[in-house]
Amino acid sequence: MRIAITGGGLGGLTLARILHRHGIDAVVYEREASRSARSQGGSLDLHPESGQRALADAGLAGRFRSEARPEGEEHRILDPAGRTLVHHRPEPGSFSGRPEIDRRVLRDLLLDSLPGDTVVWQHRLVAATPRPDGGFGLTFDGGHRADYDVLIGADGARSVVRSLLTDATLSPVATLVELSIGDADRRHPDLAELVGPGNLWCIGVNQILAAQRLGDGSIRVGISLPADERHLDTCRSKRALLDMFDGWNPNLTALIEAGDGPPTPRRIEAMPTGTRWTHQPGITLIGDAAHLMPPVGEGANQAMLDAAELAAELATSPADPDSAIRRYEEAMFTRIHPIAEMSARVQAMMLSPTAADDIVRFFTPQPTEPAPAG
């Protein structure tokens, strides 16, 4: 059984690692030139029931604990005047919640756990064609070709493999503008103290200014705006962003001014909630390729759980991968539907006119109703 995984992100690498533990070889094709070709983004909170469970199946729970930051789970929510609305402090040193780990560190952990020839770098898939005798012929940018019995699309939001299974279209849900502040403790100690060890959200009307501490001491700043027709070029200067946050506490907007380079804007998109496809032999999807959702904390966790569940099915039925894929897909569709619905609701809530009140309620435990007197 020759297995190709397109995409060397967290989902694809988790799948390759767990298959490897079961004695099943797979090749991961990644379009980037190397593991350090680009920034891997901010940090993730790994959930016990999904991301952490997948790492346990991968035999990497111990290494995860040595790299993760439980203190990164701390988060504060402020209003535009700088008043604290919510302040969550995790139990010191506890891994029972959702500890943070930098995406780069987690990806390196997975890469280091694989045989050196598992990932084939600088191979961008441009076409996949069903073969008459089963399986797929893959064509990569530059002309390289290869044949495989099983094709697993872990190739993210703009998946090439997805088009073989569904014509689901992506819809814009937000505009995200990112900046980075390096060596914050030394260069900007006031901002380092403001952000703390975890996450800071400053919530206004239809706009959020957020900041996140990374394990290397840098701060990643993210500005979320509605997915209107605003041209991305209008978000490429700090001056334009500061104008959008005019009237906010200058201690908060200092996060924009301190950015090391120009802002980087991009559209955030999502697939329709409830997207399914008709099963086809020898092919399936995991992660964003299967169920691209707004980035509210579930994407990477569900991608890794997809990988763990698909690997377990393939290991159970190595001689019948088609049955394994069918079982995986049915379970995944059922699991993802409510999570995708919740993610869409949270995304809409975060950029609504009443976002601050709504999010405070979301993060505030509700008192349980007393039982009626007997």
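## A first pair to find

Which residue in β9 does L125 stand opposite? L125 stands opposite F140. The names of helices and strands follow DSSP runs (H or I of at least four residues for helices, E of at least two for strands), numbered from the N terminus.

Before going on, note that this is a predicted model, in which local features need pLDDT of at least 70 and side-chain atom pairs count only at pLDDT 80 or more, while totals for chains, interfaces and linings use all residues. Residues are numbered from 1 along each chain as its sequence is written, and side-chain values use heavy atoms, with hydrogens and water left out.

## The three-stranded sheet

Let's stay with β9. Three strands make an open sheet, in the order β8-β9-β10, with antiparallel pairing; two strands pair if DSSP finds at least two bridges between them. β8 (125-130) and β10 (145-148) are the edge strands, each pairing on one side only. From one strand to the next, the twist averages 20°. β8 is joined to β9 (residues 136-140) by five bridges in the antiparallel sense.

## The five-stranded sheet

Another open sheet has five strands, ordered β7-β2-β1-β11-β17, and here the pairing is parallel. Its edge strands are β7 (119-120) and β17 (283-285), and each of them pairs on one side only. Inside the sheet, β1 (residues 3-6) runs parallel to β11 (residues 150-153), with four bridges joining them. For I3, the bridge partner in β11 is V150.

A helix rests on this sheet: α1 (residues 10-21) packs there and touches β1, β2 (27-29), β7 and β11. Contact means heavy atoms within 4.5 Å. The direction of α1 makes about 155° with that of β1; axes are lines fitted to C-alpha atoms (for helices, over the stretch in contact), and angles run from 0 to 180 degrees between N-to-C directions.

## A strand with two partners

Now look at β12 (residues 171-181), which pairs with β16 (residues 264-270) in the antiparallel sense over seven bridges. Here P172 stands opposite E269 of β16. β12 also runs antiparallel to β15 (residues 219-225), and seven bridges join these two. In that pairing, L179 stands opposite V221.

## Helices that pack together

Two packed helices are described by the angle between their axes and the distance between the axes. For α10 (residues 299-316) and α11 (residues 321-350), the angle is about 155° and the axes are 8 Å apart. That makes α10 roughly antiparallel to α11 (angles under 35 degrees count as roughly parallel, over 145 as roughly antiparallel, 65 to 115 as roughly perpendicular and the rest as oblique). Among the residues that make the contact are L305, L310 and L314 of α10 and I325, Y328 and I336 of α11. By class, this contact of α10 with α11 has ten nonpolar, two polar and five charged residues; Ala, Val, Leu, Ile, Met, Phe, Trp, Tyr, Cys and Pro count as nonpolar, Asp, Glu, Lys and Arg as charged, and the others, Gly among them, as polar.

α11 also packs with α12 (residues 355-363), at an angle of about 135° and with the axes 8 Å apart. That makes α11 oblique to α12. V346, M349 and M350 of α11 meet A355, D358, I359 and F362 of α12. This contact of α11 with α12 has six nonpolar residues, no polar ones and one charged.
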